[in-house]
Amino acid sequence: MSQTKKVAIFFLSFFITLIAISLFFQSMNPLMVKMDESVMFNIISPLFTTIGLVLFIILQALIRYIFYRKILNSNTSFVSANISKFGMKEKLIPYAFLILIHLAPFLGKIVFDYTFMIRILLFIGSVIIIELLLRISNRSTKVFFQRNGILITGFDGRIEIPFGVHINIINDSGFYSYNDIEEYEVFPDRMELKLINNYGKIVFMANGELKRQVTGLMVQNKIPVKNVTE
């Protein structure tokens, strides 16, 4: 995906989330006026922030998919494959946000009261929700081999912050021409396509027939194979 599209998706998702949470907060404000300060700090504040994080993840995934639905529907896909499982590196950003939301305020003094315990339960529940979203994303995001290139799309719930330099990204959603592929490797259970400029890899699970079909596309587009050392 081009950097311009990444930035557009990020800000669109961010501002829609901000507006939605602001409206929700205003509608709930009459109920929170008389709440205890500890309840506001340990329950309401992290709850609203977590809702915003989850909403942002869902919006970014949906908008990202809409951006690529036209490419998916307008081009014939020769074959598709399931991407490899998300690693800890790909889960790091949402988990880091959850730690900042729920645990970072207690790096100093911790007051063990019932509101703090509720906050810990909220943190555990938030981790479960994020993990479920990521598992759904992992299953729904696929690699589509098309005539002019390779499309990675689906409900991809990984948070993408499109600023700075990104190196060695695995299965980044987007469209890649065959000229973007530097080389490929064939492993017993998967195939890996290395992207040019050390940007990252496309890694997907592959059986014998899928390997044969993808290898044919690689040969057709004159992409060299790398000898596997594994």
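# Burial, sheet and helix packing

Student: Why is Lys-91 called buried?

Tutor: Lys-91 has a relative accessible area of 16%. Buried means under 20% (exposed is over 50%, partly exposed in between; 1.4 Å probe, protein chains only). Lys-91 therefore counts as buried. This is a predicted model: local features need pLDDT of at least 70, side-chain atom pairs count only at pLDDT 80 or more, and totals for chains, interfaces and linings use all residues. Residues are numbered from 1 along each chain as its sequence is written, and side-chain values use heavy atoms, with hydrogens and water left out.

Student: What makes the pair Lys-91 and Glu-131 a polar contact?

Tutor: The side chains of Lys-91 and Glu-131 are joined at 3.0 Å. The criterion is a pair of N or O atoms within 3.5 Å; within protein, one must be able to donate a hydrogen and the other to accept it, and residues adjacent in sequence count only if both atoms are side-chain atoms. The pair therefore falls inside the distance limit. Lys-91 itself belongs to helix 3, residues 88-102. Helices (H or I, at least four residues) and strands (E, at least two) are DSSP runs, numbered from the N terminus.

Student: Which residues touch Lys-91, leaving aside its neighbours within four places in sequence?

Tutor: Phe-86, Glu-131 and Leu-134 are in contact with Lys-91, where contact means heavy atoms within 4.5 Å.

Student: How do you know that helix 2 and helix 4 are roughly parallel?

Tutor: Helix 2 and helix 4 (residues 114-140) pack at an angle of about 5 degrees, with axes 9 Å apart. Axes are lines fitted to C-alpha atoms, for helices over the stretch in contact, and angles run from 0 to 180 degrees between N-to-C directions. Angles under 35 degrees count as roughly parallel (over 145 is roughly antiparallel, 65 to 115 roughly perpendicular, the rest oblique). The two helices are therefore roughly parallel to each other. Residues making the contact include Phe-41, Leu-47 and Ile-58 of helix 2 and Phe-116, Arg-119 and Leu-133 of helix 4.

Student: What makes strand 2 and strand 3 a pair?

Tutor: Strand 2 (residues 142-146) and strand 3 (residues 149-153) share four bridges in the antiparallel sense. Val-143 stands opposite Ile-152 in strand 3. Strand 2 and strand 3 form a hairpin with two residues between them.

Student: How do you know that strand 3 also pairs with strand 5?

Tutor: Strand 3 and strand 5 have four bridges too, again antiparallel, and Ile-150 stands opposite Tyr-176 in strand 5.

Student: What makes strand 1 and strand 5 edge strands?

Tutor: The open sheet has four strands in the order 1-2-3-5, with antiparallel pairing. Strand 1 (77-82) and strand 5 (174-177) each pair on one side only. The twist averages 20 degrees from one strand to the next. Helix 2 (residues 37-74) packs on this sheet, touching strand 1, strand 2, strand 3 and strand 5.

Student: Why is strand 3 said to be largely enclosed by the rest of the structure?

Tutor: Five of the five residues of strand 3 are buried, so the strand is largely enclosed. Gly-149, Leu-151 and Thr-153 cover one side and Ile-150 and Ile-152 the other, all of them buried.

Methods
Pairing = 2+ DSSP bridges.
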